[in-house]
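The remarks concern two residues and their surroundings.

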Amino acid sequence: EKKGPKCIAADQLGGAIVSTDYVDLVLRGGDRVRAELDGDCSGLGYYGGFYVKPSADGQVCAGRDSIRTRSGDQCTIRKFKKLVAKK
């Protein structure tokens, strides 16, 4: 893990791998970014899916935006970390 961006352009999101306290976002082009979440987001792991609504600027930003679980819970994105392969 390395320091990640503050924001990600929503149109760059290509897929996700879901856990109970983070979401690994797969970006178009193959880069991966981990969205670490504030608080308990247990519904995320149970239902295995989520919704994210970008702001008017087309960005999903840490400290501002949230992930919503299929059960209706809302989990704020605390920070992003860039995932890199071990050498």
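1. A polar contact of 3.2 Å links the side chain of Ser66 to that of Gln74. The model under review is a predicted one, and the distances and accessibilities quoted here are to be read accordingly.

2. Ser66 belongs to strand 8, which covers residues 66–69. Its relative accessibility is 16%; because the cut-off for buried is under 20%, Ser66 is classed as buried.

3. With residues up to four places away in sequence set aside, Ser66 touches Tyr51, Val52, Gln74, Cys75, Thr76 and Ile77.

4. Arg34 is found in strand 5, residues 32–37. Arg34 is likewise buried, its relative accessible area being 16%.

5. Which side chains make polar contacts with the side chain of Arg34? One is that of Glu1, at 2.8 Å; another is that of Asp24, at 2.6 Å.

6. Arg34 also lies over the face of Tyr22, 3.9 Å from the ring centre. As for pairs between aromatic rings, a search of the whole structure returns zero.

7. Beyond its neighbours within four places in sequence, Arg34 is in contact with Glu1, Tyr22, Val23, Asp24, Lys79, Phe80, Lys81 and Leu83. This list includes the polar partners Glu1 and Asp24, together with Tyr22, whose ring face Arg34 covers.

Conventions
Residues are numbered from 1 along each chain as its sequence is written. This is a predicted model: local features need pLDDT of at least 70, side-chain atom pairs count only at pLDDT 80 or more; totals for chains, interfaces and linings use all residues. Side-chain values use heavy atoms; hydrogens and water are left out. Helices (H or I, at least four residues) and strands (E, at least two) are DSSP runs, numbered from the N terminus. Buried means under 20% relative accessible area, exposed over 50%, partly exposed in between (1.4 Å probe, protein chains only). A polar contact is a pair of N or O atoms within 3.5 Å; within protein, one must be able to donate a hydrogen and the other to accept it, and residues adjacent in sequence count only if both atoms are side-chain atoms. Contact means heavy atoms within 4.5 Å. Rings of Phe, Tyr and Trp (its six-membered ring) pair if their centres lie within 6.5 Å; planes under 30 degrees apart count as stacked, over 60 as edge-to-face and the rest as tilted. A charge sits over a ring if NZ of Lys or CZ of Arg is within 6 Å of the ring centre and within 35 degrees of the ring normal.
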